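The following exercises ask you to read a protein model step by step.

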Amino acid sequence: MTMTRILSILALSLTAAAVPAVGPALAADEFMPAVVFDQGGKFDKSFNEAAYNGAERFKKETGIVYREFEVTSESQREQALRNMARRGATVITAVGFSQSAAVDKVSREYPNTKFCLIDDKLDLPNVQSVTFKEHEGSFLVGMLAALASQSGKVGFIGGMDIPLIRNFLTGYEQGVRHVKADGEVFTNMTGTTPAAWNDPTRGAELAKSQFGRGADVVFAAAGATGLGVLQAAADAGKLGVGVDSNQNWIHPGKILTSMVKRVDVTVYDCMKSAKDGSWTPGHRVVGLKEEGVGYALDENNRKLVTAEMEKAVEDAKRKIIAGELAVKPYQP
C-alpha cells in the first residue's frame, strides 16, 4: 500500500471520528427525530437544556427515542446534521443561531428531510425557523430587577456579543427605566466567539466587577457562563436573574427570577407536528402573546417578588400583549 493511500485512509478515519455514528440507517417508513445541541452542552441548565427537556417530553409521551449530538467545535455542526440526515432522521432540530449556515447547506442536500432551526431564520421549503421576542421577556425581568434593587444600579452580562444577546439587553434596559427613569445598567459581554457561552469563571469575574460598582441585581444571558454569574451573586449576597430555562432552583432565594424562553415547547412542537403530519415550513416569531417568553415565579423566588412587584409586571405584560406598551427590539 502506498504512503498516499495510507494517509488518505487515515484522513477519512479522523473525519469519521469527529462526529460519532448515531445509529444504523432507518427503514423508509420509520419516524426518527433528531437534535443537534449547540456549544455549552445539553446540561447547561439554560438554552440547550430547555431544548433537551422538550425532546425528553416528546420521548416520554410517544415512546419514540430521538438521536442527539452535542457540538463541541465549529467544524462539527455541518457534519452532525449531515450524518443525521444521511442515516434517515425524519426531522432534525438544530439548536441555536450558530447552526444556521450548516442547516442552509445540509437541508438543500436532503430536501426530503425536515429541519427546525431555533433562533434564526431561513427561507427554505424544508426548514421551519423559530425566533423569539427576547426583548419582551427581558423587559419584564428588567422591571423586576429595578423594583428589587436597593442601589438603583443593576447589571447585565451577556455571552457572545451578537445581535441576539443585544436584544435581551435592550429589552432589559427598557424595563429597568420603565420603573426607574434614572436607573443605571452596567453591561459586559463575555466574548466574541462561541467560547463565551461556556466560561463560568469569566462570568463570575464580570459579576464581581459590577457588584464592586454598586450593582445589586445582575441578569445573565450567557448560557453556561451565566452559572458563574449566578454563583457570584449568591456568594456576594446579591440577586441574580436567570435565562432561557427557569433557573430559580439553582440558588433558591438568591435568584430574583428567570427570563424564560420556551425552547422546550418549540422542540416538542417540532417533533410532534412532524410525527402527526401537521409540520409546515416557514418562519414563526413568538413573544409574550404566544407564551414564547416570560418570567418565572415559583416557590424558589416567591419571597423575593412582592405582590406589588408582581402586579406591576403583570400589568405591563398585559399592555405589551394588547399593543398598549411598545418594547423596541435591538436595532444594529
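Helices (H or I, at least four residues) and strands (E, at least two) are DSSP runs, numbered from the N terminus. The model is predicted, so local features need pLDDT of at least 70 and side-chain atom pairs count only at pLDDT 80 or more, while totals for chains, interfaces and linings use all residues. Residues are numbered from 1 along each chain as its sequence is written, and side-chain values use heavy atoms, with hydrogens and water left out.

**Exercise 1. Aspartate 244**

Task: Determine where aspartate 244 lies, and state whether aspartate 244 is buried or exposed.

Solution. 
Step 1. Locate the residue: aspartate 244 belongs to strand S9.
Step 2. Apply the accessibility classes: buried means under 20% relative accessible area, exposed over 50%, and partly exposed in between (1.4 Å probe, protein chains only). With a relative accessible area of 8%, aspartate 244 is buried.
Step 3. Examine the backbone: the phi of aspartate 244 is near 70°, a positive value in a residue other than glycine.
Step 4. List the contacts, where contact means heavy atoms within 4.5 Å. Leaving aside neighbours within four places in sequence, aspartate 244 is in contact with Ser46, Phe47, Phe168, Met259, Val260 and Lys261.
Step 5. Consider a separation: aspartate 244 and threonine 93 are 151 residues apart along the chain, and 17 Å separates their C-alpha atoms.

**Exercise 2. Two lysines**

Task: Describe the setting of lysine 261 and that of lysine 45.

Solution. 
Step 1. Lysine 261 is part of strand S10 (residues 255-261). Its relative accessible area is 1%, so lysine 261 is buried.
Step 2. Lysine 45 is in the loop between strand S1 (33-37) and H2. At 30% relative accessibility, lysine 45 counts as partly exposed.
Step 3. The phi of lysine 45 is near 65°, a positive value in a residue other than glycine.

**Exercise 3. The disulfide**

Solution. 
Step 1. State the rule: a disulfide is a pair of cysteine sulfur atoms within 2.5 Å.
Step 2. Apply the rule: the count is one disulfide. Cysteine 116 and cysteine 270 form it, with sulfur atoms 2.0 Å apart.
Step 3. Describe the link: it has 90° about the S-S bond and is right-handed.
Step 4. Check accessibility: cysteine 116 is buried at 4% relative accessible area, and cysteine 270 is buried at 1%.

**Exercise 4. The largest cavity**

Task: How many residues line the largest cavity, and what classes do the lining residues belong to?

Solution. 
Step 1. Grid points are joined across faces, edges and corners, and a volume is the space filled by probe spheres set on the points.
Step 2. Count and size: there is one cavity of 30 Å³ or more, and about 210 Å³ of space lies in the largest cavity.
Step 3. Identify the lining: 20 residues line the largest cavity, and Phe47, Ile165, Trp197, Gly223 and Asp244 lie nearest its centre.
Step 4. Assign the elements: helix H2 (47-62), helix H6 (163-179) and strand S9 (239-244) each supply at least two lining residues. The largest share, three residues, comes from H6.
Step 5. Sort by class: Ala, Val, Leu, Ile, Met, Phe, Trp, Tyr, Cys and Pro count as nonpolar, Asp, Glu, Lys and Arg as charged, and the others, Gly among them, as polar. The lining has 10 nonpolar, five polar and five charged residues.

**Exercise 5. Glutamate 173**

Task: Where is glutamate 173 placed, and which residues does glutamate 173 touch?

Solution. 
Step 1. Glutamate 173 is in helix H6. At 24% relative accessibility, glutamate 173 counts as partly exposed.
Step 2. Not counting residues up to four places away in sequence, glutamate 173 touches Val185 and Thr187.
Step 3. Glutamate 173 and valine 154 are 19 residues apart in sequence and 9.5 Å apart in space, C-alpha to C-alpha.

Key: 1 Å grid on protein atoms, 1.4 Å probe; cavity = no way out; pocket = protein on both sides within 12 Å on 5 of 7 lines; lining within 4 Å.
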